[in-house]
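Dear colleague,

Here is the structure that I promised to hand over to you. Please open it and keep it in view while you read the notes below.

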Amino acid sequence: MVATTKPRAACLIGWPAAHSRSPLIHHYWLRTLGIEGGYNVEAVPPEGFAEFVLHLSAHGFVGANVTIPHKERALALTVPDDRARAVGAANTLWYEGSELCSTNTDVEGFINNLDAGAKGWDKIDDALVLGAGGASRAVIFGLLERGIKRVQVANRTNDRALALADQFGERVHPIAWEKISEALPNAGLLVNTTSLGMHGQPPLDIDLESLPAQSVVADLVYVPLQTPLLAAARARGLKTADGLGMLLHQAVRGFELWFGRRPEVTPELRALVEADLEHA
Ligand code: ATR
C-alpha cells in the first residue's frame with residue numbers, strides 16, 4: 001500500500017461566511033509558490049464555534065483565520081500572544097505541538113504596510129489615531145511596539161478613547177473629537193480607524209492643511225480604495241498608506257505559519273484583489 005499524505009489546509013471561520021478576500025489571497029500564494037495546500041471557508045455558527053476550534057485539527061486544518069463574530073471567542077479558546085491580548089481579539093490560529101496559539105495580525109499588517117509604502121514613517125514623535133475600536137487597538141499597539149513616543153487618540157465617544165489610554169499607559173493621550181484640528185500640526189502620522197469614508201458612510205471631514213508636509217496619512221478603510229481622506233492627502237502631496245495594503249500584509253503571517261513559506265505582497269496580488277473589490 002502506498003502511504004498518502006493529505007495536503008495541509010487552513011480555513012476561514014466566520015458566520016455568516018462573509019464575502020472575505022482571504023481565500024483569494026491565500027489561493028494566489030499557494031498557486032504562485034507551487035504549494036499543494038488548501039484554504040477553505042467554514043461557515044460556523046456561534047453555538048458551534050468552540051467545538052470547531054477546539055477540534056480544528058480533527059476537522060482537517062493546521063490553522064485558521066477567524067472573522068466576525070468569533071474573534072473575541074477565539075482569544076478565549078486559544079493561547080494568545082501579546083498582540084491578540086492587547087487588541088482583545090484573535091484573527092489567526094496555528095498549532096505549536098498540540099497547543100492552539102493565536103495572534104492578531106492586524107498589528108503587523110498595519111506596520112508592515114507603512115514600512116512597504118512610506119519608508120521612514122517612524123521618524124516621528126507624535127501620531128494621531130482617529131477611532132477607538134478593535135482596529136484602533138491594533139494600530140496603537142503596533143505604534144507603541146515600534147517606539148513611537150506619543151499617540152494621541154480622538155474618538156466620537158470620548159470614554160472609549162479614555163479607556164485606551166488606561167489600557168496602554170502614559171504614551172497614549174486621549175483628546176476630544178472636536179480638538180482634532182489642534183492636534184494636526186504636530187502629527188507626523190494620521191491614521192483613520194473609524195468607519196468614516198467607507199462606502200455608504202459619511203466622509204471623514206477634516207482639513208489636512210495644517211498637517212506637516214512630511215506627514216504620512218493612513219486609512220484602514222479599503223472600500224473605496226481611495227477614500228476622501230487619502231485623496232485629500234495625495235492632493236497635498238503627502239505620503240499615504242491604504243487599507244488594502246494593510247489587508248494584504250496582515251495575511252502574510254498566517255500563510256507562513258501554516259505552509260512554512262513567507263509569501264510576498266506583490267503588485268499582481270494587489271491588482272487581483274483590487275479587481276475583486278471593484279466587482280463586489
Ligand atoms: P473596529 O473594530 O473596526 O474598530 P468598532 O469597534 O465598531 O470597529 O469601531 C468603529 C469606530 O468608528 C469607533 O471609533 C466609532 O466611534 P464610537 O466609538 O464613537 O462609536 C467610529 N465611528 C463610527 N461611525 C462614526 C461617525 N459617524 N463619526 C465618528 N466616528 C464614528
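Predicted model: local features only at pLDDT ≥ 70, side-chain atom pairs only at ≥ 80, totals over all residues.

Residues are numbered from 1 along each chain as its sequence is written, and side-chain values use heavy atoms, with hydrogens and water left out.

I begin with the sheet. Helices (H or I, at least four residues) and strands (E, at least two) are DSSP runs, numbered from the N terminus, and two strands pair if DSSP finds at least two bridges between them. Six strands form an open sheet with mixed pairing, in the order β2-β1-β3-β5-β6-β4; its edge strands, β2 (37-43) and β4 (79-80), each pair on one side only. Strands β5 (residues 92-96) and β6 (residues 99-103) are antiparallel to each other, with five bridges, and Tyr95 stands opposite Leu100 in β6.

Two helices lie across β1, β2, β3, β5 and β6: helix α2 (residues 46-54) runs at about 160° to β1, and helix α10 (residues 243-259) runs at about 25° to β5. These angles run from 0 to 180 degrees between N-to-C directions, with axes that are lines fitted to C-alpha atoms, for helices over the stretch in contact, where contact means heavy atoms within 4.5 Å.

Next comes helix α7 (residues 158-168), in which Ala161, Leu164, Ala165 and Phe168 are buried (under 20% relative accessible area, with exposed meaning over 50% and partly exposed in between, for a 1.4 Å probe and protein chains only). Because they cover an arc of only 100° around the axis, they sit on the same side of α7; the arc is that of the directions from the helix axis to the C-beta atoms. The face turned away from this buried side carries the exposed residues Asp159 and Asp166. The buried residues of α7 pack against α4 (82-87), α6 (134-146), β8 (150-155) and β9 (172-176).

Finally, please look at Asn104, which is in the loop between β6 and α5 (106-117) and counts as buried because its relative accessibility is 1%. A polar atom of its side chain lies 2.9 Å from the backbone oxygen of Ala89, and the side chain of Asn104 also reaches the backbone nitrogen of Asp106 at 2.9 Å.

Conventions. Polar contact = N/O pair within 3.5 Å; in protein donor to acceptor, adjacent residues only side chain to side chain.
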